[in-house]
Each structure stands twice: as structure tokens, then as C-alpha cells.
Amino acid sequence: MTTSTDSLTLGRRTQPGRRGRWRWVIYLLLTLAALFYLLPVYLVVVTALKEPAAITLADTWRLPETWNWGSFVTAWEAFAPKLRNSMVLAVSATVASALMGSMNGYVLSKWRFPGANVVFPLMLFGMFIPYQAILIPLFQFLRDIGLYGDLLGLIVAHVVYGLPITTLIFRNFYAEIPDSMLDAAKIDGAGFFGIYTRILFPLSISGFVVVVIWQFTQIWNEFLFAVTLTRQESQPITVALAQLAGGEAVNWNLPMAGSILAALPTLIIYIVLGRYFIRGLLAGSVKG
Amino acid sequence: MRSNDRLVAFLMLLPSLVLLAIFVYGFIGRTAWVSLSNWGSDPTQALALDPQIAFAGLANYRKLFTGIIDVRFRQDLVNTFFFTLFFLVGTLGLGLGLAILLDQKVRMEGLFRTIFLFPFALAFIVTGTVWRWMLQPQGGVNVLPELVGLPPLEFRWLTTRQQIWQFDWNSVPAFLAGAAAVTFAFMAWRAWRRGAHVRAGVQAVLAVGLGGWAVTGTPGVTLLPYPEMHGFNMAFIGIVIAAVWQMSGYTMALYLAGLRGVPEELREAARVDGASEFGVYRHVVLPLLGPITLSAMIILGHISLKIFDLIWAMAGSDNATTDVPALLMYLRSFRANAFAEGAAIAMVLLIMVATVIVPYLRSSLRGEVRR
């Protein structure tokens, strides 16, 4: 992160020809690594665009002779209801857990009460547990209240188990807003909600962007809850894709087209809002 | 007025506290109870809305670790061990390498970063589906060498039953005791150097005791009356590659953030002292990345212990050679309705994750309070 030109030139002067001579090795290695990451993408796209009959193992890497967009149409027809389920699930669970997390983060960073140092780690532990350890009671609970197999049941699960990470990110985010700003508002007579709506909330737009991206991606991609708690009609896209691709006599063009459909929403978010995506990713490691 | 606000603040937090208390701790307690019961052994009660279940003590755990039928669970633990090991080595090594390359003030750094990190945005199910196609026996990766005129590879990535590095399950207590002995010996040595002689003595005694117990063949503990061989299933190699493909961008981002945090003055000072560019990394930069490596190991390690969807998508949900406890728990509970056994597997998984996560949470939050 050398922003000053001074140290930049210094760096060049101390390492003259040597740096230049080896520079192509750096680019070669980076290009090879990029190939490793992009090869699967190439394979997915060409396979999805081939006629089913033209997909043979030996010609895997060949470009399609005729470009066939039909697989996307078929995959879309099969997956549209599942994509809709995933969208409803991810949007509603993200909004609910983000709003609750924002409130929790506000309380935990600005209204520290006795015992908060014990409560907070206990809350955080919830985001690391293997969900297998709560899966059987969760399944029983949702069945008892009549939400098993219903999309709403899955939404409830994602909201609750999303609370630790959203609380963590907002707590770290609000901790950086100086208390003196709050004190000024308090003198003006603002109470608990006044401070939140007038000061914290307007300042938390980028915090919300980080949390929303993180939660949306996690929930869209999640599989364990999805496969355990849903029925055919409430399946999200991950379960439908796993079912389609898991069948034995399968034409590979469909799973590949389906993979692209399933990946697009999170990929678009990543490419457009990558900066915030990385921030959420770094926030996931507690210290923030 | 102010104390009133405090009450409001607590009341706003309360719903989340109650929800997490029930859904995390209440449910874990319930799973623990189920794991100590006989739920599922009577098929008529298995799916009853209010099943009649009875306390069964540690029977389910005993079956998992020493029962004849549950050999699959023990191989699953071995699978998880090797998967975690290679997954960590792969993601940390590749991530660090890429971060160092990107730190050389390269052109198009943003483009490279985007390429290395994009798989992290994908679902494990998508990655698994894609890599399953990449690793077909007569296609994908195996025919890549043909593009440059070489003979194709023959390796059956996901279906091979080849197993290497075999060992007897009965020697696991000896391995564990040996590892504990080495750890205690190391801690004793450190305590001795710091002058804590009493603590060093206690730890040395523990080390010698455990070491002796391990070397003499762990007398007093017999898991199985016969040898039972386990080892590294080579079908996991492809799964590790796919997992590293997906997650190495994450370590790259962590390390790059860490490298950017190393002040340029520090590197400059080392260069002035005559250090080569390699020496600057070796002696100045890398030692500063220790804490990042530790937290990356913990985050990735707990993901690896829980790995579930990637294997489901790559090798199928019911493939014994590529099974892991997280998958077996699902199969036992929701396919076979053997809920008590599923709960016992879940508790083993929870204990493994907790041993990694609890110290991490404690140390990182304690540091925060001090700051």
C-alpha cells in the first residue's frame, strides 16, 4: 500500500535490474494460477452450449460446433420455481436478520450492560456450530408448529442462525462511530430510538451493504437446511441442482446450464460489489 | 430517563437472546439428550410425533467408536482428518503464494484478484457439480494432456477405492496419547525457559506418563478385539482440489490484507541492511503473518470439519469411500430414522468444532477487551 511516490522510487533504486529480469516469472505464475481458476468456467460454458448429443467425454474441451441455447431454456423452465423460492428465501431472511443484527450491534456497542462480555461470545458461538448439532430438534420443532416443508420454516431458520454474524459485523461497524457523536445527540434530548434513527442508521448504509451481500450469498448457497427442511414445492435452487446433477443417466448440458443459473445472482453481486464482499469476508474472522 | 433508555436497549436485544438461547443452546441440549437415548431403535417410534424414547447411556457413542457395524463412522473420522490436513495445506499455501505474487506491484492486480476470489461466491453445490464433470474418468482433467499431445491420465478421481497410509484403528489411542505427550513436552520446555519450574515439572510428568502409555501399546484400553485397517482414501484427492479451488481466494484475500498492513518502512529498513527481496519476506514479512495464518486455519478448519454439500454434489450423498461424519449424520437421521445415532455423530462433530472455535473466540475477544 505504498501511496507515497517517495518509497516507490526508493524501492526501484535499491532493486534495479534484478526486479525487471524476474518480472516475467511473476506474470507467468499469475497467468497459470488464473488458468486454474478459469478452466472450470470454460468447461461449464462450452458444455452448457453444446447439443446434448455432441457432449462426449473425449471432446470435452472442444468448442461447440453449433451453439445451442436450448439447454438454458430447458434449465430455466425446470428451475424457475426453485429460483423464485431461493429469491424469496434469501431476500426475506437477509432483510430480517440484517435489521435485527443492526439493532443488536447498536445495543452491544453503545449500550453496554453488565454481562455483555459473556453474552456476546455466547451469541457468536452460534455461527460456528455444525448445524447437524441442532438439526434434529429444529426438524422436530418446525414439524410441531406446522412449518416443516414450508418455505417460511426455512426462512425462520436462516434468520435465527444468521443473527450471530449480522450482530458481529454491525457491532464492529458501530464501535468505530465515536461516542461523542452520541453524547451530543443525548444532550439534544434524543433517546434510544432517536439516536439510532437520527445518527447510527443514516451512517450504516455501507454496513448494511456488507451484511446484506454476505447474508444473501450465504443463504442463496446454503444446502444442509434446504435439503432437510423442505419439500419438493419449497425447494431452493441448490437442492434442485443437486437432484438434477445427482441422477445417473444425466445429460451434462442441463446440470451445467443449471449451475450457471444458480451461480449468476451471487456472481453478479460479487463482480459489481466486490469491495463490500471482501469486507464481509474479512469481518467473518471475528476481530473485524 | 437514561436508565429507562438502558432498559429499552436491553429489551431490544432480548428477542435475539431468547431465540439464540433456544435455537442454539436449547437445541444442542436436546440433541445431547437424544444422543443418549434409544430413539430410532424401534421403527414404530422413529417418526412418531411424540416418540417414546428411553435413556440408553453412552451406548450410541460406544457403538460408533468400538462397534462392529459402525466401521464406516471410524473411516469417516479418518477421511475428515486427511481432508482437513490437505485442504489446509492447499488453501494456506496457494493463498499465501498468490498474495505474495500480487504484492509485487503487478499490473492488472484487480483483475487477478477478482479471478482468484470469484469461486468463493459460488455455492458448494455448484462447485461440486462443475468439478464432478471436470473429474470424469475419460474426460475433463484426464484428457487435458491430450491437448498438448501427451497420453491421457487414467486416474478414477471420484470412484477409486484405493487406500494408502493404512493403520490399525486400535492404535488410535496411542497416536492421540503420543501427540498429547509431544504437546506437553513442548509446553514443559517453554514453561521451563520462562522460569515456571513447577508447571514445567507437572507438564513433563504428564508428557512422560502419556508417552510411556503410548509406547507400551496403551494397556487398559482395547477398542476392538481384532485389527481394523483405515487409511487415506485417494478418492478424496479430487474433492480436496475442488475445495482448494473454491476457498484459496479467501486465504489470498486475508494474506493480501496482511501484507498490505506491513509498513513499507520496515521492508525498506531490511533492504538497507542488505537483505535480498527473498530475505525481506523470510525474515520481516512472513513472521508478521503468523496471527493471520492462525485465524485462517481456525476458520477453514471448522469449515472443513463441517464439509457436507461439496461431497454430496461431487461423489453423491451415499458413497461410503468419500463419506464424512457430517454426511453420515444426515443419512442416519433423515434416511434411516436412526435419530439417536445421528445425534451422537452430531455431538462428536460439535465437540471437534468446539475444541477449535472456543479457544479462538476466547483469545480474540479477550484481546479486544484489553485493547
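Helices here are DSSP runs of H or I with at least four residues, strands are E runs of at least two, and both are numbered from the N terminus. The model is predicted, so local features need pLDDT of at least 70, side-chain atom pairs count only at pLDDT 80 or more, and totals for chains, interfaces and linings use all residues. Residues are numbered from 1 along each chain as its sequence is written, while chains are lettered from A and ligands numbered from 1 in the order in which they are written.

**Stop 1: a loop in chain B**

Select B:Lys105. This residue sits in the loop between α4 (71-102) and α5 (109-117) of chain B. Its phi is positive, about 55°, although B:Lys105 is not a glycine. Burial is judged by counting other C-beta atoms, placed from the backbone, within 10 Å of a residue's own: 20 or more is buried, 12 or fewer is exposed, and anything in between is partly exposed. B:Lys105 has 13 C-beta neighbours inside 10 Å, so it counts as partly exposed.

Now select B:Met108. The loop between α4 and α5 of chain B holds this residue too. B:Met108 is not a glycine, yet its phi is positive at about 55°. Because B:Met108 has 12 C-beta neighbours inside 10 Å, it counts as exposed.

**Stop 2: helix α6 of chain B**

Select residues 124-134 of chain B. Of the 11 residues in this helix, α6, 11 are buried, so the helix is largely enclosed by the rest of the structure. Among the buried residues of α6(B) are B:Phe124, B:Trp131, B:Arg132 and B:Trp133.

**Stop 3: chain B as a whole**

Zoom out to chain B. Its secondary structure comes to 15 helices and two strands. The C-alpha atoms fill a box of roughly 75 × 75 × 60 Å along the principal axes. Chain B has 371 residues, and 39% of them count as buried. Two residues are in contact if their C-beta atoms, placed from the backbone, lie within 7 Å. Take the contacts in chain B between residues at least 6 apart in sequence: 72% join residues at least 24 apart.

**Stop 4: where the chains meet**

Show both chains. The contact takes 78 residues from chain A and 83 residues from chain B. On the chain A side, helix α2 (residues 17-49) gives the largest share, 11 residues. For residue classes, Ala, Val, Leu, Ile, Met, Phe, Trp, Tyr, Cys and Pro count as nonpolar, Asp, Glu, Lys and Arg as charged, and the others, Gly among them, as polar. The chain A side that touches chain B has 55 nonpolar, 22 polar and one charged residue.

**Stop 5: a helix pair in chain A**

Select residues 151-175 and 205-221 of chain A. These are helices α6 and α9, whose axes come within 10 Å and cross at roughly 150°. Angles run from 0 to 180 degrees between N-to-C directions, with axes fitted to C-alpha atoms over the stretch in contact. The angle makes α6(A) roughly antiparallel to α9(A), a term for angles over 145 degrees.

Next, show side chains. Residues of α6(A) in the contact include A:His158, A:Ile165 and A:Phe173. Those of α9(A) include A:Gly207, A:Trp214 and A:Ile219. The contact divides into eight nonpolar, five polar and no charged residues.

**Last stop: the domains of chain A**

Colour domain 1 (16-68) and domain 2 (70-283) of chain A. The bounds come from an automatic or database domain assignment. Over C-alpha atoms, 33 Å separate the two domain centres. Seven residues of domain 1 are in contact with 10 residues of domain 2. The domain 1 side has four nonpolar, two polar and one charged residue.

Terms used
Parallel < 35°, antiparallel > 145°, perpendicular 65-115°, else oblique.
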